[in-house]
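Keep the 3D view open as you read.

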Amino acid sequence: MKKDKLQEQIEEMTVDSEREELVAVDLLDVLLDPDNREPLAFVDEDGKVLTFEQVAVIPHDDKNGERQLFTVLKPLDKIEGVADDEAIVFRVSVGDDGNTAIKPEEDDETALAVYDEYIKLLKAHGVKTPDED
């Protein structure tokens, strides 16, 4: 996957379906809204709109033992190097300016640990996991 294409801070956007225009919203509010079922749309550094389905928000301790927030997003648009059945683990951060940003988790071990936590949560709730297909 070309991580450098997604690693720039991206601005969270949502589609206003009545006017079909992009409207900036608070990303953290959207990620933590249990009723949100709308796709998430982001604008990358090249101005291309990428849409994602939110799969999960997972708190997880990073390698330094610090509690971090991660989100698992499944691309709805074709992204080079990402299979149709794959999702991407993003690290959620809040900047000094109070704006929330996400970027793909660069550490494969952390990304896998977050995904494993997601699978454990599914199993704990009796939900069939992707590896059980």
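In this predicted model, the second largest pocket is lined by Glu 53, Gln 54, Val 55, Val 72, Lys 74, Asp 85, Glu 86, Ala 87, Tyr 115, Tyr 118, Leu 122 and Pro 130. Its volume is about 280 Å³.

The largest nonpolar core holds 14 residues, and Phe 42, Phe 52, Leu 73 and Ile 102 have the most contacts inside it. Helix H2 (27-32), strand S3 (40-43), S4 and strand S6 (88-94) are the elements that give two or more residues to this core. Apart from it lies another core, of 10 residues, including Ala 56, Val 89, Tyr 118 and Leu 122.

Phe 52 deserves a click of its own. Setting aside neighbours within four places in sequence, Phe 52 touches Pro 39, Leu 40, Phe 42, Leu 73, Lys 74, Pro 75, Leu 76, Ile 79, Ile 88 and Phe 90.

Finally, zoom out to the whole chain. Three helices and seven strands make up its secondary structure, in the order α-β-β-α-β-β-β-β-β-α along the sequence. Of its 133 residues, 34% count as buried. The chain exposes about 8,400 Å², with carbon and sulfur atoms supplying 45% of that area.

Technical notes: Residues are numbered from 1 along each chain as its sequence is written. This is a predicted model: local features need pLDDT of at least 70, side-chain atom pairs count only at pLDDT 80 or more; totals for chains, interfaces and linings use all residues. Side-chain values use heavy atoms; hydrogens and water are left out. On a 1 Å grid over the protein atoms alone, a cavity is a set of points where a 1.4 Å probe fits but cannot get out, and a pocket is an open set with protein on both sides within 12 Å along at least five of seven lines; lining residues have an atom within 4 Å of a point. Grid points are joined across faces, edges and corners, and a volume is the space filled by probe spheres set on the points. Helices (H or I, at least four residues) and strands (E, at least two) are DSSP runs, numbered from the N terminus. Buried means under 20% relative accessible area, exposed over 50%, partly exposed in between (1.4 Å probe, protein chains only). Accessible areas come from the Shrake-Rupley method with a 1.4 Å probe; for residues, only the protein chains shown count as cover. A nonpolar core is a set of buried Ala, Val, Leu, Ile, Met, Phe, Trp, Tyr and Cys residues joined through side-chain atoms within 4.5 Å. Contact means heavy atoms within 4.5 Å.
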